[in-house]
Amino acid sequence: MAGASSCVSVDTSPAMVAHARRLAAAERLGNVRFEQADAQVHPFPPAGFTLGMSRFGTMFFTDPVRAFTNIGRALRPGARLVQLVWQAGDRQEWVAGIHRALGSEPPANDAGAFSLGDPAKVEAVLTAAGFTDVDLTGLDEPVFYGADPEAAVEAVLVLRMAADPLRHLDPAGAERVRDRLRSTMAGHLRADGVWFGSRAWLVTARRTADS
């Protein structure tokens, strides 16, 4: 969340927070603070912020209405909330390609990372949480996975969707999956690296003046 002269960023991952602090220190950004916290329940200062932002993080809330209500309390009346969320899973080229290589079924369209892929659901959740003027703009942009197929495979293997299945395979089976992933990545290699098609929503809303 950001104000005119300062920014507070929260994440549940201590590793992500530590990395962000290092980057901010390297850039000598003195007006940015990073905290390990869960935005669903964190006691933000009431009406303390003029803008709330998230990039592919809000889809993982276990109770979206409660979470956005908590975030709304931290915003001043009329303040904006801006977020990027994935569209439905079956609209993601990267999801289909990776799961084919893994030999697994793609997740449900409204599960996990794609839980806010339905515009009607997004509007209903944000309205229930005290927001108004909800608007979704579709974005169709490729996602960069690495400079070459091997780098792209390594990027995929840190994702839970790939790391979890591989844990249950013997070494030979895991290497076969890696080979299929390399082939998939090679099929999406361009002159400037490995790219997959993706679709997201840019969601904007405002905290109601009387909430």
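Angles under 35 degrees count as roughly parallel, over 145 as roughly antiparallel, 65 to 115 as roughly perpendicular, and the rest as oblique. Keep that scale handy for the helix pair below. This is a predicted model, where local features need pLDDT of at least 70, side-chain atom pairs count only at pLDDT 80 or more, and totals for chains, interfaces and linings use all residues. Residues are numbered from 1 along each chain as its sequence is written, and side-chain values use heavy atoms, leaving out hydrogens and water.

**Confidence**
- The protein chain has a mean pLDDT (the predictor's confidence in each residue, from 0 to 100) of 92, with 97% of its residues at 70 or more.

**Helices H3 and H7**
- The axes of H3 (residues 93–102) and H7 (residues 171–186) come within 8 Å and cross at roughly 150 degrees, so the two helices are roughly antiparallel to each other.
- On the H3 side, Gly 97, Ile 98, Arg 100, Ala 101 and Leu 102 meet Val 177, Arg 180, Leu 181, Thr 184 and Met 185 of H7, with contact meaning heavy atoms within 4.5 Å.

**Two loop residues with positive phi**
- Most residues other than glycine have a negative phi.
- Arg 28, in the loop between helix H1 (14–26) and strand E2 (32–36), has a positive phi of about 55 degrees.
- Phe 56 also has a positive phi of about 55 degrees, and is found in the loop between strand E3 (49–55) and helix H2 (64–74).
- Arg 28 counts as exposed at 77% relative accessibility, while Phe 56 is partly exposed at 22% (buried is under 20% relative accessible area, exposed over 50%, partly exposed in between, using a 1.4 Å probe and protein chains only).

How values were computed
Axes are lines fitted to C-alpha atoms, for helices over the stretch in contact, and angles run from 0 to 180 degrees between N-to-C directions. Helices (H or I, at least four residues) and strands (E, at least two) are DSSP runs, numbered from the N terminus.
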